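Welcome to this short tour. Take a look at the model below, and then we will walk through a few of its parts together.

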Amino acid sequence: MEQCLDDNMYVVDLGEVNSAPEIIFELSSVLETAEAKNKRICLKLGDVSLNQAQILSIKSLINGIDSTLSSIDTKSAETEKVALSLGLIVSNVLPENSTDTVPAEPYKSAEELKEEQNVQDPYEIVEESDIAPDDLQNPEQEIVEISENQVQDNTEPQADENQENVNENENVKDELDVIFGSGAIQPNIFDAEFKNEEYSTNEELEDIVVPEEEYTKEDMEIEAFPTKYIKQTIRSGQVINYEGNIVIIGDCHPGCEITAFGDITVWGVLSGIAHAGSAGNQKARVRALKMNAIQLRIANFYSRRPDALNTVYIEKTDSYTPEEARIVNDEIVVFKIND
Amino acid sequence: MAGRVIVITSGKGGVGKTTTSANIGTALAKNGHSVVLVDTDIGLRNLDLLLGLENRIVYTLVDVVEERCKLKQALVKDKKNPNLCLLAAAQTRDKSSVSAEQLKKITDKLKKDYDFILVDCPAGIEQGFQTAIAGASEAIVVTTPEMSAVRDADRIIGLLEAAEGIESYKLLINRVRPNMIKSNDMMSVEDVENILSCGKIGVIPEDTGIITSTNRGEPIVNDEKSLAGKAYINVARRINGEDVPFLDIDEPKDFVGKLKKFLSKLGKQGKEQ
């Protein structure tokens with residue numbers, strides 16, 4: 001491995017691509033070629049800012065073809081910081097004899113990049129970003145670290161900020177405590193346009209023209225997200241935040257908040273607040289066996305439960321008709337899935 | 001214009017602080033005053049439920065304190081009464097999220113624009129209580145004619161007297177059952193007043209309508225027939241400085257179920273004739 005490092009390097013240049021879903025889309029088409037298999041991928045990005053979940057989904061895409069993501073070359077300080085926190089090498093020297101056909105851009109160290117772009121770091125959350133450049137010289141070591149920290153890192157990156165004493169190496173039970181504990185994280189919805197209208201239910205659907213669904217990059221992003229699987233009842237005051245999709249086997253009681261970058265699927269009655277696509281993905285959906293959510297939020301869109309349903313108690317029955325909420329014509333609509 | 005900040009507190013849980021807040025607030029707003037209800041029971045909020053505003057809350061008190069939104073954004077307007085606003089508590093946090101100074105800042109801001117700021121206090125005498133009374137200059141102590149509630153009210157009154165900002169406090173005696181007082185099974189209103197040596201601002205009779213109004217998310221003052229509703233409207237008028245005689249809650253018995261009420265009315269009419 002060590003001696004044939006240069007031959008194993010495969011460079012993917014996505015410097016022209018301008019958005020995260022497009023990167024995933026382009027990357028997945030590149031990765032389909034046989035050359036990319038069993039290689040260490042070096043990803044070249046432009047100005048795009050990627051968050052942790054997006055980089056993780058890129059990683060999982062690459063891992064899917066038995067390759068590893070070894071380094072990222074980026075102009076964005078945010079991407080750089082996240083990548084560093086995941087233990088990836090940022091802006092590393094590209095080997096001269098790599099299989100890359102596109103001429104490589106001149107190498108800039110992380111330090112130089114920061115200075116060049118006058119990066120302000122108001123949130124120094126992730127400790128790993130403080131790794132000295134010397135530590136990054138040994139790629140093998142870094143990559144081993146990723147696999148150990150990956151799960152915990154992408155689960156609750158901000159919770160660590162609130163709960164300083166969280167030990168990274170604690171087991172899964174403690175990890176759940178972080179999710180359900182007082183380290184509640186408000187979704188990043190505060191720049192969003194405030195829309196607080198009642199969501200339409202299936203009875204009113206006749207007047208709504210549903211445009212034909214297209215498979216877009218947003219769909220692809222959702223599919224590439226990691227998924228969290230929770231098998232318990234979510235009660236009032238409990239908060240679940242995940243940078244991916246969430247599947248809950250159980251009811252979600254009023255007063256709980258579920259926030260996901262991707263889809264939210266509840267195998268039970270959903271009565272709390274659900275926010276799908278909280279990072280802005282408008283193709284995200286909320287599904288439940290019985291939809292009674294106090295509020296439904298998808299990307300920047302809000303809707304509240306119709307007042308008529310406010311006092312309706314949901315009785316447990318043997319048969320439910322599953323429902324799905326999604327954005328149609330800039331409105332959140334709840335569909336009954338009968339077929 | 002400087003509004004009045006009134007904290008509604010009790011010490012003991014379940015005596016009707018939140019119901020009182022919702023009803024007095026609604027009654028004041030109906031009389032044309034601008035009112036803000038502030039729920040400080042963070043983590044166990046109920047005020048939104050009583051007003052039927054649960055599905056409208058996006059931003060909460062904690063969001064205001066942590067400067068994620070402006071104060072105006074967090075005020076939820078009532079469905080029926082545009083004079084009435086709610087500043088809801090966060091459900092997913094705990095009492096330590098808001099400090100006394102922070103709440104005082106918020107009530108001071110609200111004072112400028114609203115006539116009345118009613119602060120719904122959490123049960124207990126811990127941090128939540130200290131936070132809730134921080135910005136207030138007046139207090140309403142809710143109690144029921146039970147020894148446990150009266151003892152707790154006594155403790156609360158002691159703390160209110162020791163608190164710096166509170167200039168005056170009044171007693172509100174809730175869930176009074178005239179029948180039981182008659183048969184000497186319940187402390188009378190006078191007994192409670194004597195034990196606590198504190199003036200009263202209202203006496204609210206026990207009313208089964210409270211339960212239905214809570215479940216429907218509509219304060220009982222909107223129900224003109226309800227005796228408890230009338231009593232709350234009177235409390236609101238007294239807060240406003242009017243001299244209103246106390247309701248004679250002894251007379252009708254419309255709180256013992258529909259059938260009994262009907263029969264007793266018939267019986268009473270028979271006796272009068």
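Let us start with Lys217(A), which is found in helix α8 (residues 217-224) of chain A; helices (H or I, at least four residues) and strands (E, at least two) are DSSP runs, numbered from the N terminus. This is a predicted model, where local features need pLDDT of at least 70, side-chain atom pairs count only at pLDDT 80 or more, and totals for chains, interfaces and linings use all residues. Residues are numbered from 1 along each chain as its sequence is written, and chains are lettered from A and ligands numbered from 1 in the order in which they are written.

Lys217(A) and Pro21(A) lie 196 residues apart along the chain, yet 5.1 Å separates their C-alpha atoms. Beyond its neighbours within four places in sequence, Lys217(A) is in contact with Pro21(A), Glu22(A), Ile24(A) and Phe25(A); contact means C-beta atoms, placed from the backbone, within 7 Å.

Ile24(A) also takes part in the contact of α1(A) with α2(A). Here are the two helices of that pair:

| Helix | Residues | Among its contact residues |
|---|---|---|
| α1(A) | 20-31 | Ala20(A), Ile24(A), Leu27(A) |
| α2(A) | 52-63 | Gln54(A), Ser57(A), Ile58(A) |

Their axes, lines fitted to C-alpha atoms over the stretch in contact, are 10 Å apart at an angle of about 10°. The angle runs from 0 to 180 degrees between N-to-C directions. α1(A) and α2(A) are therefore roughly parallel, the word for angles under 35 degrees.

Chain A as a whole has eight helices and 16 strands, and buried residues make up 37% of its 339 residues.

Note on methods: Buried ≥ 20, exposed ≤ 12 C-beta atoms within 10 Å, placed from the backbone. Parallel < 35°, antiparallel > 145°, perpendicular 65-115°, else oblique.
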